[in-house]
Amino acid sequence: MLRLLRSELYRLVRRWMPWIMLGLIVVTAFVFYFLIWASITAQLQAVKNGTIPAPPEGTAQLTETLRQIAPNRVAQFGVGIVAGLGSVMLIVFAASHVGTEFGWGTFRTLLAHGASRSGFLVAKTVSLVLYALVFIVVGTLAAIGASYAVSAVAGISFGTGVDLAEVARVAAKSGYTFLPYMALALAIAVWSKSAGAGIAAGLVVYFAEGLVATILVSLNKDYAQIVNWGLSRNASALTRTVSGQAGPTSQDPTASTLPDPTRAAIVLGVYCVIFIVLAYWRLRSRDVTVGG
Amino acid sequence: MNPTQPVMLRSYARRVTEDQVLRTKGLVKKFGSITAVDGLDLEVRRGEVVGLLGPNGAGKSTTIGMVLGLISPTGGTAEVLGRDVRVRREDALAGVGAMLEVTSFYPYLSGRDNLAAVALLRGGGALARVDPLLARLGLAQRGGSKFRTYSLGMRQRLGIASTLLADPALVILDEPANGLDPAGQREIRELIRELAGENRGVLLASHLLYEVEHVCDRVLVIKKGKLIASGTIAEVTRGGGNYFEIVIDDKRRAAEVLRGLGIKEIREMPTGLDVVADPTHGAEINRALASAGLYASAIVPRASSLEDVFMELTEPEAPSAPPAS
């Protein structure tokens, strides 16, 4: 098992995709911070010059948004950026990480060289979790760096600076919510022997399930009893608690019906197990002919 | 010839010793209503090269898949180095190097990195064998190039190199000469003999009958998943395979005359008859035909090649017709 994991990591670090994704999250963090600062500053300047009318509530909200750039807000704002983009990127990566083995026919090659099916799945899962961890750490560090850099350029006070413990806690909880989506993408890729199908299914569930759940609960709060067993509501419950009322779901009018965070964590964990077990069940029962 | 029965007796001794690196017994694989492999028994010993022959769809790759645990048998057993593949697959395959019909590696990795990735999976001293094997297979110069830039022949060489990383007791090669030029094919033939010389057993599935004839100690011919012939090359080709090709018009009468001489194996061909007989009997055959007023345009002594026998054994069965009156 460990030999297979070593081989897996050897191949992983030599692939372009994971490095490109890490580069992308770093660049995105800086660009996002810069764009927020640039657009808010431009709006404030335009209001000041009279080019555009001042908002009825004054410029306080714009100023407040500008303060999100400060290092002491990284736990809410910076990690939110990493979580928003990261979840999509990691779903794509998870499906690709497994699905390409079938497309390239290398799954068959690995088995022919003595790898076990369970070992293959464990190595894939562990390497995915490790990569997600690295991705979150790099993305969060990039967000911290961007926050300091843009704050310095904008002349925004660093305040109390970054609360590293809080940032780590928020990032860890956000990262945890990615795992069931990654496991789902992995399972679909195994079942369909296709990276594309894994990506499509993962993204559809990620976006559509949350939307449908929100609509249903908006229509009738009793629907929360049902949709709170889905992925998105439990993920929201965790991310909401990590960022408090100012977090990414603070605009959600159905937030009061979100499940308990502890229960949410357990449900997401159970989903991970279910998806991995389903993937294994399919993998072990399948005859591996050409391709995989 | 009844294609459902093995036609050759096995002179090969059926000793069960530690030399045996592969043995299948009653191996069966059904895909729905289709029986791809039907009760196949085969064995490979250290130091010998066994050819697995059969037309497309005969079940060669399915058999190899079952030996490697890629495909679950419907019935029977496959033992590698005395270990049942279904029960102790990883232990069994630790001593096996296998190259599948379609050579697949990671396109973004170099040839060297692909071998290293397999070597890490294999463990032991496999990593140290990467560069020597690249050199042995003539890939040392291109070891750093991405696999996706490799020609078909280079891919095959890399596949063969990967089989040797684990210093295996059993090497399984499925169409290893695919895509190789004649010089490359010759190199592979020599390499296969070297492998046997290193006391490894080699199972070679190939469509290239010339390759099999010149490399294998024994051959197994399968058709529709069933073993229809097995033995040494000489046995399968009828001990050198002597027969006469007789070009003659009246095939029916000629066949009657030859049966009168005690000749049993007579095959009707488009231009005459093929007659299995000792090469010294040519004059006798000629005399008997002439005495009966039958004059052959030619009586040519021939030796069966493996290809002749293969074609004969695996030719599609003709639809049954009513007996001639």
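This is a predicted model: local features need pLDDT of at least 70, side-chain atom pairs count only at pLDDT 80 or more; totals for chains, interfaces and linings use all residues.
The domain assignment puts domain 1 of chain B at 20-236 and domain 2 of chain B at 242-314.

## Where the two domains meet

The two domains of chain B do touch: 12 residues from domain 1 and 7 residues from domain 2 take part in the contact. Which elements give two or more residues to the domain 1 side? They are α7 (209-215), β9 (218-223), β10 (226-232) and α8 (233-236) of chain B. Of these, α7(B) brings the largest share, with 3 residues.

## Where chain B meets chain A

Now for the other chain. How many residues of each chain are in contact? Chain B puts in 27 residues and chain A puts in 25 residues. On the chain B side, α2 (89-93) and α3 (111-122) each supply at least two residues. The largest share of that side comes from α3(B), which gives 7 residues.

Sort the chain B residues that touch chain A by type and you get 18 nonpolar, 5 polar and 4 charged.

## The picture for chain B

To put the pieces together: α7(B) gives the largest share of the domain 1 side facing domain 2 of chain B, while α3(B) gives the largest share of the chain B side that touches chain A.

Technical notes:
Residues are numbered from 1 along each chain as its sequence is written. Chains are lettered from A and ligands numbered from 1 in the order in which they are written. Domain bounds come from an automatic or database domain assignment. Helices (H or I, at least four residues) and strands (E, at least two) are DSSP runs, numbered from the N terminus. Ala, Val, Leu, Ile, Met, Phe, Trp, Tyr, Cys and Pro count as nonpolar, Asp, Glu, Lys and Arg as charged, and the others, Gly among them, as polar.
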